[in-house]
There are 2 protein chains.
Amino acid sequence: MPQLRIALAQVNTTVGDLSGNSDLVVEWTRRAASDGAHVVLFPEMALPGYPVEDLALRGAFTEASRAAVTELATAIADAGHGDVCVVVGYLDADDVGPRNAVAALYRGEVVATQYKHHLPNYGVFDERRYFEPGTTLTVLRTHGVDLGLAICEDLWQEGGPVAALGAFGVDLVLALNASPYERAKSDVRVPLVTRRAAEVKAPVAYANLVGGQDDLVFDGGSFVVDADGVLLARAPQFAEHLLVVDLDLPERRGTGDRSRGEARVEGLAVRRRVLSDVPLDPYPVTYRPELAEPLSDEAEIWSALVMALQDYVRKNNFRSVLLGFSGGIDSAVVAALAADALGSDAVYGVSMPSKYSSAHSRSDAAELARRLGCHFRVEPVENIVAAYVDQLQLEGVAEENIQARVRGMMLMALSNMEGHLVLATGNKTELAVGYSTIYGDAVGGFAPIKDVFKTQVWELARWRNAEAEKRGETPPIPPNSITKPPSAELRPGQLDTDSLPDYALLDELLENYVGGDRGFADLLAAGFDAETVDRVVRMVDRAEYKRRQYPPGPKITFKAFGRDRRLPLTNAWHEVH
Amino acid sequence: MPQLRIALAQVNTTVGDLSGNSDLVVEWTRRAASDGAHVVLFPEMALPGYPVEDLALRGAFTEASRAAVTELATAIADAGHGDVCVVVGYLDADDVGPRNAVAALYRGEVVATQYKHHLPNYGVFDERRYFEPGTTLTVLRTHGVDLGLAICEDLWQEGGPVAALGAFGVDLVLALNASPYERAKSDVRVPLVTRRAAEVKAPVAYANLVGGQDDLVFDGGSFVVDADGVLLARAPQFAEHLLVVDLDLPERRGTGDRSRGEARVEGLAVRRRVLSDVPLDPYPVTYRPELAEPLSDEAEIWSALVMALQDYVRKNNFRSVLLGFSGGIDSAVVAALAADALGSDAVYGVSMPSKYSSAHSRSDAAELARRLGCHFRVEPVENIVAAYVDQLQLEGVAEENIQARVRGMMLMALSNMEGHLVLATGNKTELAVGYSTIYGDAVGGFAPIKDVFKTQVWELARWRNAEAEKRGETPPIPPNSITKPPSAELRPGQLDTDSLPDYALLDELLENYVGGDRGFADLLAAGFDAETVDRVVRMVDRAEYKRRQYPPGPKITFKAFGRDRRLPLTNAWHEVH
């Protein structure tokens with residue numbers, strides 16, 4: 001029974017930061033070495049970050065990335081950790097084109113590489129735009145253990161590269177991933193990897209990226225399953241983490257023919273590379289497998305939103321955020337997320353009442369600031385709004401919009417004066433139906449709840465307040481902001497329900513139309529009323545321009561606007577007729 | 001020598017408008033029939049429009065599109081043109097997935113279909129996201145002439161489907177295209193098609209889409225080459241057109257084995273379908289081949305910009321446009337484009353002087369309106385700007401930006417009151433380096449010169465004025481707007497050259513860095529000064545957020561921002577160190 005101690009380094013990289021990401025790999029290799037790990041596994045594209053988008057097509061960047069991987073091998077050896085086998089994702093390029101690649105580093109050298117075979121090109125992925133697929137597999141023997149490599153989508157193919165590794169025979173599969181968060185996605189990943197372990201008849205170690213990158217959030221949650229599909233260890237989600245696991249590997253358990261140095265299996269060329277043939281001397285198992293508990297649904301979403309915001313601010317070199325405090329639920333939840341992400345002292349709230357603002361809007365905004373302990377100021381918009389209205393004789397929708405727009409411009413002006421990142425507070429329901437003012441409430445550099453339906457915003461608010469109570473802290477969100485009926489307050493007595501169906505019904509319909517891609521007939525069959533479907537679907541189909549102009553925000557569902565759903569602006573198609 | 005009269009229907013479709021596009025096909029088939037054409041060829045995806053983007057993934061849309069093609073066959077027969085063979089692009093879907101398809105319609109039926117083989121997935125194209133590739137070819141015999149079919153990218157492959165048609169033997173290739181405009185692209189298309197004609201040993205008819213669709217412009221310019229590569233006929237660019245050509249086809253000239261009913265050639269299954277075996281009785285050739293002269297470089301770009309603007313306005317149901325008249329060159333050129341696209345009466349100019357505006361800004365704006373004969377008003381921004389500055393104590397960049405933003409909000413307010421589409425007047429140079437104010441001069445629904453470098457803006461202005469003089473008309477652009485040094489006029493005495501290199505140098509550098517994708521070392525080798533490269537490249541790398549937030553505008557180069565170049569927002573990579 002050969003032993004091996006592996007470490008999965010769940011790190012938070014930054015796209016394009018080759019030198020910062022290299023430093024991260026060196027540092028986490030040091031930690032793995034100090035924990036006695038023999039192999040340390042990093043995520044997909046850890047060195048250039050993920051996704052690099054069109055940087056992959058810039059020769060200067062691919063060259064720098066190729067150079068960085070050899071320099072990294074040297075740096076690790078120079079730091080005294082050359083005996084650890086480091087498996088890390090990077091960007092390569094050859095005569096055929098750019099490659100989504102993995103390198104094994106050992107004793108100061110790149111001892112093996114492999115290219116990703118299956119390039120996802122759906123949803124958020126555009127990998128066929130960037131990469132050429134690999135056609136070979138590398139099996140690396142270290143301490144007498146045969147390691148097979150797989151990059152993300154390669155795992156998702158039945159009878160694909162992992163099956164080929166199984167036929168060739170490996171003792172352990174190391175899988176590098178940059179798998180973006182979606183609600184409850186770990187419920188899909190673990191069974192998938194379990195099936196692959198059974199196929200390859202070996203344990204599989206699944207290392208995932210963690211952190212926010214623009215509108216993607218990577219949730220980590222790296223894990224290891226054994227050859228029988230039993231979950232051996234799991235890292236927490238939404239935190240950098242080193243998951244160390246001692247493996248007792250069955251002697252030559254795989255079915256493959258280990259005598260072959262090179263072969264073609266299931267159409268793929270398989271090459272063997274031996275670092276050391278001799279198993280480790282038996283050693284006492286010191287690492288008890290760590291099994292992080294899965295988060296509750298609300299905790300998982302909240303953590304994803306917090307991490308996305310934190311990383312967007314940090315990676316873009318901001319230190320603080322500024323947003324309008326309307327007294328309503330959306331800005332309250334965004335402010336609470338920001339306080340969790342950055343600390344209260346980095347949150348600047350501005351109440352911008354107009355003549356249509358209710359007394360409770362003003363008091364709920366102040367109450368939010370009090371509860372969070374953040375910065376707060378009041379800047380009435382009346383004088384400036386009046387200056388526009390008087391000069392241009394505005395009325396109706398123009399007068400409603402100018403109020404929202406004066407607020408947007410005030411936030412931008414304060415941002416220019418003080419250097420904060422402005423947050424837009426719109427939710428997914430508003431974006432879906434276009435219930436927002438472009439250049440008004442849509443102003444900002446980041447939109448933290450862009451992919452959260454209105455009814456979920458309320459759920460998250462209740463959940464966050466309850467968590468605070470459990471911990472004996474002040475619930476951050478004013479209860480009145482949760483319970484009062486939502487209103488844009490752009491004209492006297494206005495309520496959201498003047499323009500929109502009840503949010504519970506609206507969100508259910510949107511979940512079916514947008515999330516489920518269901519057509520008109522199907523929606524009627526599901527029990528929705530034809531008039532409501534007609535009205536809502538028309539609103540959704542016509543709001544694409546507003547959605548495209550909205551700031552980026554974290555994707556937490558399979559059908560996030562912008563990233564996952566790309567509709568033409570000029571679009572004469574409507575499902576309802 | 002069998003004869004055949006073919007018509008290439010270069011039509012302007014609208015994405016999603018299945019019924020409107022069907023009507024268009026019926027109408028242009030009627031015109032072709034009245035010209036005695038036996039075959040009429042429409043562009044790629046003429047029925048659903050191009051590009052449909054994620055509409056291709058909506059089951060309701062693909063079903064409607066499939067239904068529309070059979071209904072179209074009936075409609076053409078009902079209109080009395082069933083004897084014309086109509087070849088039209090449409091969206092299909094089968095168990096494998098959606099298909100970029102072509103259908104041949106004859107006597108009320110769909111008599112043949114074929115799927116696109118090569119799916120482009122670079123630049124503006126994402127076809128591997130949407131479509132599954134075809135594996136069969138159809139050869140259709142009508143009046144004893146064997147017609148092969150090819151869809152756009154299929155033509156661009158050496159030894160691809162067209163070579164297979166050549167091996168199988170055809171008398172004529174009908175190629176359906178939705179090939180977006182790029183400067184001087186017809187110089188590439190004609191030689192390419194000439195090579196294919198030689199490969200297949202038969203004439204090739206190339207029908208291209210025409211019209212604007214969001215940020216793409218299709219330039220038309222459909223043409224026919226004979227088997228020897230001689231250009232027989234060419235349609236004008238940037239206009240709907242029916243190009244009718246009488247062909248005298250050599251008797252069984254192809255090298256292929258015509259006896260085979262079905263075969264596998266170069267890995268592709270080829271099927272034969274016979275509509276009529278009997279050649280036409282000899283008839284007198286009445287159509288003299290039409291050979292539209294290629295446009296000059298400036299005329300081509302100007303026409304592309306006019307058509308893009310015209311179609312964006314029309315297809316999105318606007319009737320008029322509104323823009324700020326600053327007195328500068330950019331707004332003058334956009335206004336002149338708008339007047340050419342929509343007529344002067346649909347153009348609304350607003351001069352919005354501030355306390356920093358020069359006398360010539362005001363007079364040049366008024367002069368522009370006078371020359372164009374468009375609507376014009378003056379709305380000083382001083383009072384509103386002062387309201388912000390006083391209340392928020394703004395200074396520096398915040399004070400500069402608020403002036404641009406008040407202008408943006410004024411335009412939006414007037415748009416809300418009067419229903420015009422707001423045009424943003426920024427050029428490619430500004431976008432490249434981020435020399436614009438988000439929510440200020442970047443406000444609008446469409447940005448007509450987004451892909452035109454500043455030096456090109458001047459060239460186009462001079463060219464348009466010279467054209468007017470040639471025609472004895474008033475040159476639309478005030479000469480002073482062309483000759484004066486550019487300034488944003490956001491502070492006293494400000495000039496663009498305070499912040500930017502001279503535009504001639506800047507544009508040349510941008511053309512090399514952005515257009516040519518050249519790296520730092522390469523730019524130095526090309527003779528650019530290291531300090532300038534460093535400064536400009538940093539500006540470009542940091543302006544991605546502003547570029548993403550900019551309104552859509554027509555792409556006229558290979559590397560248009562947004563569509564062709566997709567960089568991460570969080571991007572720590574800089575080519576210069």
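Predicted model: local features only at pLDDT ≥ 70, side-chain atom pairs only at ≥ 80, totals over all residues.
Residues are numbered from 1 along each chain as its sequence is written, chains are lettered from A and ligands numbered from 1 in the order in which they are written, and side-chain values use heavy atoms, with hydrogens and water left out.

Let me begin with Asn401(A), which sits in helix H10, residues 396-418 of chain A; helices (H or I, at least four residues) and strands (E, at least two) are DSSP runs, numbered from the N terminus. Asn401(A) has a relative accessible area of 14% and is therefore buried, where buried means under 20%, exposed over 50%, and partly exposed in between, using a 1.4 Å probe and protein chains only. Not counting residues up to four places away in sequence, Asn401(A) touches Thr437(A) and Asn416(B), contact meaning heavy atoms within 4.5 Å.

Glu430(A), in helix H11 (residues 428-433) of chain A, is buried too, because its relative accessible area is 11%.

Is Tyr122(A) buried or partly exposed? At 38% relative accessibility, Tyr122(A) counts as partly exposed, and its contacts, leaving aside neighbours within four places in sequence, are Glu153(A) and Arg129(B).

Ser179(A), by contrast, is buried at 3% relative accessibility, and lies in the loop between strand S8 (172-177) and H5 of chain A. Its side chain makes a polar contact of 3.4 Å with the side chain of Lys185(A), and another, of 3.1 Å, joins it to the side chain of Arg189(A); a polar contact is a pair of N or O atoms within 3.5 Å, where, within protein, one must be able to donate a hydrogen and the other to accept it, and residues adjacent in sequence count only if both atoms are side-chain atoms.

Finally, in chain B, strand S1 (residues 3-10) is joined to S14(B) by 8 bridges, and the two run antiparallel; strands pair if DSSP finds at least two bridges between them. Of the 8 residues in S14(B), 7 are buried.
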